[in-house]
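Keep the model open beside you and follow along point by point.

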Amino acid sequence: MSPDQEYVLKTIKLRDVHFVRFWFPDVMGAMKSFAVNPNELENAFEEGMGFDASCISGFSPAEQSDMLAFPDASTFQILPWRPDSNSVARMFCTIKTSDGHPFEGDSRRILQRAVEKASDAGFIANIGPEVEYFYLDNPHDRNLLDKGGYFDLTSLDSGSDLRRDTVLTLERMGIPVEYSHHESGPSQHEVDLRYSDACSMADAVMTYRVVVKEIAAKHGVYATFMPKPFTEHPGSGMHVHMSLFDREDRNVFFDPRDPDGYNLSSTAKQFIAGLLKYAPEYCLVTNQYVNSYKRLMGGGETPRFISWGRSNRRALVRVPGYRPRKEMACRVELRMPDPACNPYLAFAVALTAGLRGIEECLPLPEPAEGGADACFSRDRAGDLGSLPTTLGAAIDAFEGSSLAREVLGDHVHEYLVDAKRREWMEYLSTVTAWERDRWMDVL
């Protein structure tokens, strides 16, 4: 038994833990869970716990539904929003088939493979996301809680206590937070997680989404990570900051002698070029719903055309310039993902696209600087083109992508194509309120 497993068993006795929840994502990134009696844990570490996977999106048909969940003892945490007596803990799980082989649809394993590929190339991938969301009175009336704006700290910002409780809860679960603030939309908020390795960060994002919703419910309100819940307000994004370090803990993206003045190494520039080149192919993963493309088409500081730069927040990839001469701060920011994606798959495809750029020694195109219009017009997009403008276009680009199939495997790639085509066709056949309001009384 590993030291982590011994720690879990000791803590369960000391902390009066009566239920241990096994957490794992389905292919779409929704959290799945079942509770295990602590007396079963020693066996679970060794042999896994069986469950019926036939009703989980992207897992298995009924005739192949017997799966095993193996808890990862390093992810053990007490759930702070549950009572201290008869307390509840959680662990993330690795999913295997009944014969003990890794399951092709296990999102965590897909990201682990991408991280291993980076490691084989001599890199350690660090990721820090900025995750936005809205608070509402409830999910049905869609009433906003405040009229605040970006960085507001006034009586308008009724989410301050909600954010405080959320941050404190995350930190009690071992997830450090760098920033939290009111976002630009009314009742829109953002919490930025401190960077960590890619696998730990994907677990943290999944936990973050649960915590935000649990704390909101505790306060009698509702939180949504829907990418574009309101026509008239900004959408919610998940800007993903990425960097690569070597085994000596040096940031390989940093080069203070960069002749272009960005303090970027040739490795960083090739990584950015990979993110740009393959963006249309992995967009279905980072932006996986019909509603995601309402955000990308909605203007504001949302990328639409494929470009990069430093000062331009409409660029698809931005080079943050807060501390330009500090090695540890050197990173790139991918601005297309939204907070409803599966973070394991999103991090996996983005990391692999960047690594492809390094492998192929891709040249970095000219930056789009000089104001928002520099990367929000087709003329300035040049040969790079634009992101898919609809879910249907994203499916087409994804379906033929060798990169996406390589990263995700046949099982997940084919499932996403099938599931998303069904979603797209259902959306196309649905008559909306906009259509009725526009034409019902005139046609």
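1. Let's begin with Ser187, which counts as buried at 0% relative accessibility; buried stands for under 20% relative accessible area, exposed for over 50% and partly exposed for in between, with a 1.4 Å probe and protein chains only. Ser187 sits in the loop that links strand 8 (177–182) to strand 9 (188–193). Its phi is near 65°, a positive value in a residue other than glycine. As background, most residues other than glycine have a negative phi.

2. A word on ground rules. This is a predicted model, where local features need pLDDT of at least 70, side-chain atom pairs count only at pLDDT 80 or more, and totals for chains, interfaces and linings use all residues. Residues are numbered from 1 along each chain as its sequence is written, and side-chain values use heavy atoms, with hydrogens and water left out.

3. Asn86 also has a positive phi, near 50°, and is a residue other than glycine. Look for Asn86 in the loop between strand 5 (77–78) and strand 6 (87–97). Buried or partly exposed? Asn86 is partly exposed, with a relative accessible area of 42%.

4. Now the whole chain. Its secondary structure comes to twelve helices and 15 strands; these are DSSP runs numbered from the N terminus, helices being H or I with at least four residues and strands E with at least two. The radius of gyration is 22 Å, close to the 22 Å from the globule rule for 443 residues, so the protein chain is as compact as a globular protein of that length. That radius is taken over C-alpha atoms, and the rule is 2.2 Å times the number of residues to the power 0.38. Along its principal axes, the C-alpha trace spans about 65 × 60 × 50 Å.

5. How much of the chain is buried? Of the 443 residues, 54% count as such. The protein chain exposes about 19900 Å², and carbon and sulfur atoms supply 49% of that; the accessible areas come from the Shrake-Rupley method with a 1.4 Å probe, and for residues only the protein chains shown count as cover.

6. On to the contacts (heavy atoms within 4.5 Å). Among those between residues at least 6 apart in sequence, 70% join residues at least 24 apart.

7. The largest nonpolar core has 97 residues, and Leu193, Leu244 and Leu408 touch the most other members. Helix 5 (residues 198–218) gives the largest share of this core, twelve residues. Apart from it lies another core, of 26 residues, among them Phe24, Phe45, Ala89 and Cys93. A nonpolar core here is a set of buried Ala, Val, Leu, Ile, Met, Phe, Trp, Tyr and Cys residues joined through side-chain atoms within 4.5 Å. In soluble globular proteins, nonpolar side chains tend to be buried together.

8. Zoom in on Leu193: not counting residues up to four places away in sequence, its contacts include Leu170, Ile175, Met201, Ala204 and Tyr208. Ala204 is in helix 5 and counts as buried at 8% relative accessibility. With residues up to four places away left out, Ala204 touches Ile175 and Leu193.

9. Phe245 belongs to strand 12 (residues 238–245) and, at 3% relative accessibility, counts as buried. Which residue 121 places away along the chain has its C-alpha 5.0 Å from that of Phe245? That is Ile124. Phe245 also touches Ile124, and Met328 is one of its other contacts beyond four places in sequence.

10. Finally, have a look at the loop between strand 15 (332–334) and helix 8 (343–359), where Arg335 is found. Arg335 is buried, with a relative accessible area of 1%. Leaving aside neighbours within four places in sequence, Arg335 is in contact with residues including His239, Arg295 and Glu301. Asp338 lies in the loop between strand 15 and helix 8 too, and is buried, with a relative accessible area of 0%. Among the residues that Asp338 touches, not counting those up to four places away, are Ser236, Thr286 and Arg295. The C-alpha atoms of Asp338 and Gly235 are separated by 8.8 Å, with the two residues 103 apart along the chain.
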